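Hello,

Here is the structure I said I would pass on. My notes on it follow below.

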Amino acid sequence: MPLRPRATLSLLVLALASAVPALAQQPATLPAPIAESSAPSTGPRSDFHAQVLLDRAHFSPGQIDALPGSNQKRAVAGFQAARGLKVTGELDDATWQALQPEATPALARYTLTAEDVAGPFQPVPKKPADQAKLKALCFASVEEALGERFHASPDLLRALNPGVDLGKAGSEIQVPNIAAATLPKAAKLVIDKSDSTLRLYDAQGKVYAQFPVSSGSKHDPLPIGQWKILGISRDPTFHYNPKLFWDASKKESKALLPPGPNNPVGRVWIDIFKPHYGLHGTPEPGHVGKTESHGCVRMTNWDALLVADAVDASVPVVMQE
């Protein structure tokens with residue numbers, strides 16, 4: 001005999017009630033997920049390997065971080081154009097063959113010296129008035145110093161060396177296998193706003209080096225045209241004038257900031273024939289090519305020093321859109 005609706009509902013309630021104790025006996029929390037390894041891929045033909053090889057070929061990816069970002073894509077595209085390859089910005093087989101990954105491993109081992117870890121290391125104050133009180137704008141940490149030495153992000157160095165004390169002399173660490181480099185003198189230097197690059201040309205009009213840059217903003221646009229280099233200053237002091245910075249506080253005053261890698265213009269200033277404009281380094285290499293500047297052309301400190309050694313007053317500086 002079919003059950004009436006009221007009987008069906010009663011049976012359903014009883015069934016649910018009997019199930020509650022069983023549900024209450026289930027674990028209160030789920031098992032924790034298995035953590036993935038934080039170590040970056042450094043094997044043959046990895047993004048890390050590509051960045052090391054591009055750096056060695058003078059088609060700089062900026063700060064080596066093992067991440068396939070915009071600076072890597074620009075470096076690959078520039079390398080492809082210079083080698084007569086199809087320009088895609090992607091690491092295809094022809095590009096890998098030209099980079100010759102089999103000839104150079106991505107990683108090298110380095111033993112920290114007493115000089116490496118000696119410092120001084122000190123936090124950099126945010127306010128220019130406080131920075132002006134220091135004798136030098138040094139590295140804030142040993143990781144930052146090693147990052148600049150090996151063209152790498154401090155986070156990458158920590159990931160490559162888990163559990164290693166980077167502040168202890170005698171520690172053996174893994175680092176990007178960069179090479180000591182010098183560049184021949186350039187015949188022309190071109191900053192291209194469209195792809196945030198600086199390129200060096202030889203006398204035959206061939207690009208032989210390329211670097212990512214931050215160049216200008218809507219408040220301080222890149223001065224398009226051809227400019228003359230007036231001079232080059234290494235480890236410069238910086239004359240801070242808040243009137244020249246659209247985002248500066250009205251309460252700030254002029255200040256003379258000491259030299260050092262964390263100086264606002266980094267390790268080198270290449271002066272051009274336009275007041276307050278130049279080519280220079282930066283205390284924030286991870287921002288190069290990814291943020292705007294106050295009108296000047298900003299590079300990593302290591303790239304800026306390479307460029308400074310390759311130019312002089314005879315080399316024209318072309319800025320184009």
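The buried residues of helix H2 pack against helix H3 (70-82), helix H4 (93-99), strand S1 (107-111), helix H8 (154-160), strand S2 (172-176) and helix H9 (301-310). Please keep in mind that this is a predicted model. H2 covers residues 47-56, and eight of its 10 residues are buried, so the helix is largely enclosed by the rest of the structure. The buried ones are Phe-48, His-49, Ala-50, Gln-51, Val-52, Leu-53, Leu-54 and Asp-55. After H2 comes His-58, which has a positive phi, near 70°.

For the protein as a whole, there are nine helices and 14 strands. Of its 321 residues, 44% count as buried. Among contacts with a separation of 6 or more, 61% are between residues 24 or more positions apart.

The largest nonpolar core has 29 residues; the members that touch the most others are Leu-189, Ile-191, Leu-198, Leu-200, Leu-279, Val-311 and Met-319. Two or more residues each come from strands S3 (188-192), S4 (197-201), S5 (207-212), S11 (268-272) and S14 (317-320), and from H9. H9 gives the largest share, five residues. Leaving aside residues up to four places away in sequence, Leu-198 touches Leu-189, Ile-191, Phe-211, Leu-279 and Val-307, among others. Another core, of 19 residues, lies apart from the largest one and includes Ile-64, Ala-106, Phe-150 and Leu-157.

Regards

Note on methods
Residues numbered from 1 in each chain as written. Predicted model: local features only at pLDDT ≥ 70, side-chain atom pairs only at ≥ 80, totals over all residues. Heavy atoms only, no water. Buried < 20%, exposed > 50% of the residue type's maximum accessible area, 1.4 Å probe, protein only. Helix = DSSP H or I, 4+ residues; strand = E, 2+ residues; numbered from the N terminus. Contact = heavy atoms within 4.5 Å. Core = buried A, V, L, I, M, F, W, Y, C linked by side-chain atoms within 4.5 Å.
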